[in-house]
Amino acid sequence: HQIERGLSTRTLERIFTPIGGAYQPLRDLAVEVVYEFNGLKPSGYHLFNLLLYLACLAAVFWLLTILLPLSSSRWPGGVRLWGSLGTLWYAVHPVHVEAVAWMNGNKELLSGMFYFLALGFYIRARGRGLLNVRYLAALLCFLLGMLSKPSVAAFPLVIVALELLFPAADRRIGRAVVRMVPYLVPTVLAALYFILKTTAVQDQWLQESMLIHMLSMASVLGRYLLNMAVPVNLCHSYPPPFFFGDYDWRLLIYLLLDISLLAGIWLAARRGARLVAFALLFFLLNLLPVSGLVPIAVFMADRYLF
């Protein structure tokens, strides 16, 4: 239903005209590009997703080789070895199946690739000023990621965590704030667009109770943690847990997982394991846009873990 069958002026106008609450034109543009070369045959769209996935894996490996040296620990065999092991774990994890196998999942792949590149360029750009190529590349990748999938809006929160845990060499708060501001502006604009355009913002957003809403968010986070650790019985779309206040024993498990995550962040930061703290914060902060904090059409899905 997204395919206009050709990269005409009308097609590009339709793609880049904001309609509805989710503005992700690069997803549709990618579909049209594949159509130009492959028509409606499914093989081309699957091949495109596989190539995107390989690009994501390359970006993950590059990012890990940048992140690992931030730790004071030594890495036996070198960061390339551990970066390779981390990339391999990421490559074979079952929660990524939907994003790669579903032809319409290119938005997850595009946003993920641009996100990893943006974070890598941002780390490399620190201490070099705002007008250096790496910083501009980071900002461009962030914007491209936002145009692929709006949940990339969590990126500014991640770089705040990065700046707090790993201050730049000059340790000047003013410079850190200046580095982060250009990322906050598109995020705020995207949030305003979502609030004005989406049909999901209704009185039912808080599920008629702040307590039930918070328990639902906690359940979503706990379930995501469980799916990462024990990826079985995965599903393309989960019913909202405890959305209507129907609680059972699973709620206790999810809450314990949430508490464990928060305790892990606190303990890691307290003991100086800053890279571990950042890794856990990275997981938590990137899930905020799809945790139920804001209303979205599909409450919970494996592809949101990509």
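Valine 185 lies in helix H9, which spans residues 173-197; helices (H or I, at least four residues) and strands (E, at least two) are DSSP runs, numbered from the N terminus. The model is predicted, with pLDDT of at least 70 needed for local features and 80 or more for side-chain atom pairs, while totals for chains, interfaces and linings use all residues. Residues are numbered from 1 along each chain as its sequence is written, and side-chain values use heavy atoms, without hydrogens and water.

The chain holds 12 helices and 0 strands. Of its 306 residues, 46% are buried (under 20% relative accessible area, with exposed over 50% and partly exposed in between; 1.4 Å probe, protein chains only). Valine 185 counts as partly exposed because its relative accessibility is 44%.

Val185 belongs to a nonpolar surface patch together with Ile173, Val177, Val181, Leu184, Val188, Leu189 and Leu192. The accessible area of this patch is about 710 Å² in total.

One cavity of 30 Å³ or more was counted. On a 1 Å grid over the protein atoms alone, a cavity is a set of points where a 1.4 Å probe fits but cannot get out, and lining residues have an atom within 4 Å of a point. The volume of the largest cavity is about 30 Å³, taken as the space filled by probe spheres set on the points. Its lining consists of Ala30, Val31, Val34, Tyr45, Phe48, Asn49, Met103 and Asn106. Helix H2 (25-38) and helix H3 (42-67) each contribute at least two lining residues. By class, the lining has 6 nonpolar residues, 2 polar and no charged.

Definitions and conventions:
Patches are made of residues with over 30% relative accessible area and no salt bridge: like charges are joined within 9 Å, nonpolar side chains (Val, Leu, Ile, Met, Phe, Trp, Tyr) within 5 Å. Accessible areas come from the Shrake-Rupley method with a 1.4 Å probe; for residues, only the protein chains shown count as cover. A salt bridge is a side-chain nitrogen of Lys or Arg within 4 Å of a carboxyl oxygen of Asp or Glu. On a 1 Å grid over the protein atoms alone, a cavity is a set of points where a 1.4 Å probe fits but cannot get out, and a pocket is an open set with protein on both sides within 12 Å along at least five of seven lines; lining residues have an atom within 4 Å of a point. Ala, Val, Leu, Ile, Met, Phe, Trp, Tyr, Cys and Pro count as nonpolar, Asp, Glu, Lys and Arg as charged, and the others, Gly among them, as polar.
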